[in-house]
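Here is a briefing on one chain. Please have the sequence and the structure open while reading.

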Amino acid sequence: MSCTPQENRIMDLWDSGLSISQIAEQTGIGRHKVENTVSYYHGRAEQRLQEASIRAGSAALLAAIQQVRA
């Protein structure tokens, strides 16, 4: 996933702990655009981590079931 320079700036500020309102004020970017950017990129990252965790857990469970059946 590739970010624009503006999106990178928003996410860098978000990662540094600024709120959406603070980012909008500091950058001059509309609050709605900042909210959408944070929601899209932050949400996607969390979703990917959750999905990876679920896949790992499923693989471990499958391996355990196969061991019991063997």
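Leu 13 is in contact with Leu 18, Ile 23, Gln 26 and Thr 27, leaving aside its neighbours within four places in sequence. Contact here means heavy atoms within 4.5 Å. This is a predicted model, in which local features need pLDDT of at least 70, side-chain atom pairs count only at pLDDT 80 or more, and totals for chains, interfaces and linings use all residues. Residues are numbered from 1 along each chain as its sequence is written, and side-chain values use heavy atoms, with hydrogens and water left out.

**Leu 13**

- Leu 13 lies in helix H1. Helices are DSSP runs of H or I with at least four residues, strands are runs of E with at least two, and both are numbered from the N terminus.
- Leu 13 is buried, because its relative accessible area is 14%. The classes are buried under 20% relative accessible area, exposed over 50% and partly exposed in between, with a 1.4 Å probe and protein chains only.
- Leu 13 and Ile 23 are 10 residues apart in sequence. From C-alpha to C-alpha, Leu 13 and Ile 23 are 6.5 Å apart in space.

**Overall fold**

- The protein chain has three helices and zero strands.
- From the N terminus on, its elements run α-α-α.
- Of the 70 residues in the protein chain, 19% are buried.
- Take the contacts in the protein chain with a separation of 6 or more: residues 24 or more positions apart account for 50% of them.

**Packing of H1 and H2**

- Two packed helices are described by the angle between their axes and the distance between the axes.
- Helix H1 spans residues 5-15 and helix H2 spans residues 20-27. They pack at an angle of about 135 degrees, with their axes 10 Å apart. That makes H1 oblique to H2.
- Axes are lines fitted to C-alpha atoms, for helices over the stretch in contact, and angles run from 0 to 180 degrees between N-to-C directions. Angles under 35 degrees count as roughly parallel, over 145 as roughly antiparallel, 65 to 115 as roughly perpendicular and the rest as oblique.
- The crossing of H1 and H2 is right-handed. A crossing is right-handed if the near helix is turned clockwise from the far one by less than a right angle, and left-handed if anticlockwise.
- On the H1 side, the meeting residues are Arg 9, Ile 10, Leu 13 and Trp 14. On the H2 side, they are Ile 20, Ile 23, Gln 26 and Thr 27. By class, this contact has five nonpolar, two polar and one charged residues.
- Ala, Val, Leu, Ile, Met, Phe, Trp, Tyr, Cys and Pro count as nonpolar, Asp, Glu, Lys and Arg as charged, and the others, Gly among them, as polar.

**Faces of H1**

- The buried residues of H1 are Glu 7, Ile 10, Met 11 and Leu 13. Seen down the axis of H1, they fall within an arc of 160 degrees, so they line one face of the helix. The arc is that of the directions from the helix axis to the C-beta atoms.
- Pro 5, Asp 12 and Asp 15 are exposed residues on the face of H1 turned away from its buried side.
- Asp 12 counts as exposed because its relative accessibility is 52%. Asp 12 and Ile 23 are 11 residues apart in sequence and 9.8 Å apart in space, C-alpha to C-alpha.
- Gly 17 follows H1 and has a positive phi, near 105 degrees.

- Not counting residues up to four places away in sequence, Glu 7 touches Ser 2, Lys 33, Thr 37 and Tyr 41.
- Glu 7 and Tyr 41 are 34 residues apart in sequence and 8.9 Å apart in space, C-alpha to C-alpha.
- Asn 8 lies in H1. Asn 8 is partly exposed, with a relative accessible area of 36%.
- The C-alpha atoms of Asn 8 and Tyr 41 are separated by 9.9 Å. Along the chain, Asn 8 and Tyr 41 are 33 residues apart.

**Face and end of H2**

- The buried residues of H2 are Ile 20, Ile 23, Ala 24 and Thr 27. Down the axis of H2, these buried residues fall within an arc of 100 degrees, so they line one face of the helix.
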